[in-house]
Amino acid sequence: PVAEKLITKARHDGSWVVLQNCHLAPSWMAKLERICEDLAQAFEGGGGGKDGKEDSSSFRLWCTTFPSSVFPVGIIQNC
């Protein structure tokens, strides 16, 4: 997916990513939740991702959504 590639690139080069209308992609929410869990663990542990590359402290991930039962609460709690 395009969003996953953008997140991976941005976390290393310090860019910002905005994922808009996340409630419209319910099939991808479980994957986004895993990505956010990995991000939270990486930044708690010193900034290294699963790919072994160093993460930038300038990286930001923004998500927009309407209130929805398909948007995982874990994303809000972890990121």
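Is lysine 9 buried or exposed? I looked, and lysine 9 is exposed, with a relative accessible area of 53%. My cut-offs: buried is under 20% relative accessible area, exposed is over 50%, and partly exposed lies in between (1.4 Å probe, protein chains only).

**Ground rules.** This is a predicted model, so I note that local features need pLDDT of at least 70 and side-chain atom pairs count only at pLDDT 80 or more, while totals for chains, interfaces and linings use all residues. Residues are numbered from 1 along each chain as its sequence is written, and side-chain values use heavy atoms, with hydrogens and water left out.

**Salt bridges.** I searched the whole structure and got 4 salt bridges, each being a side-chain nitrogen of Lys or Arg within 4 Å of a carboxyl oxygen of Asp or Glu.

Lysine 9 takes part in one of them, with aspartate 13 (2.6 Å, N to O). Both residues sit in helix H1, 4 residues apart, about one turn of the helix. Helices (H or I, at least four residues) and strands (E, at least two) are DSSP runs, numbered from the N terminus. Aspartate 13 is partly exposed at 39% relative accessibility.

Next I turned to arginine 11, which counts as buried at 7% relative accessibility. Aspartate 55 forms a salt bridge with arginine 11, closest N and O atoms 2.9 Å apart. Aspartate 55 lies in the loop between H2 and E2 and arginine 11 in helix H1, so this pair ties together parts that are 44 residues apart in sequence. Aspartate 38 also forms a salt bridge with arginine 11, again with 2.9 Å between the closest N and O atoms. Here aspartate 38 belongs to helix H2 and arginine 11 to helix H1, so the pair ties together parts 27 residues apart in sequence. Aspartate 38 is buried too, at 14%. I sketched Arg11, Asp38 and Asp55 as a network of salt bridges.

**Helix H2.** I checked the length of H2 (residues 29-44): its 16 residues should span 22 Å at 1.5 Å a residue, and the end C-alpha atoms are 22 Å apart, which agrees. The expected span is 1.5 Å times one less than the number of residues. Among the buried residues of H2 are Met29, Leu32, Ile35 and Leu39. The buried residues of H2 pack against helix H1 (2-13), strand E1 (16-19), strand E2 (60-63) and helix H3 (73-78), with contact meaning heavy atoms within 4.5 Å.

Valine 18, in strand E1, is partly exposed at 48% relative accessible area.
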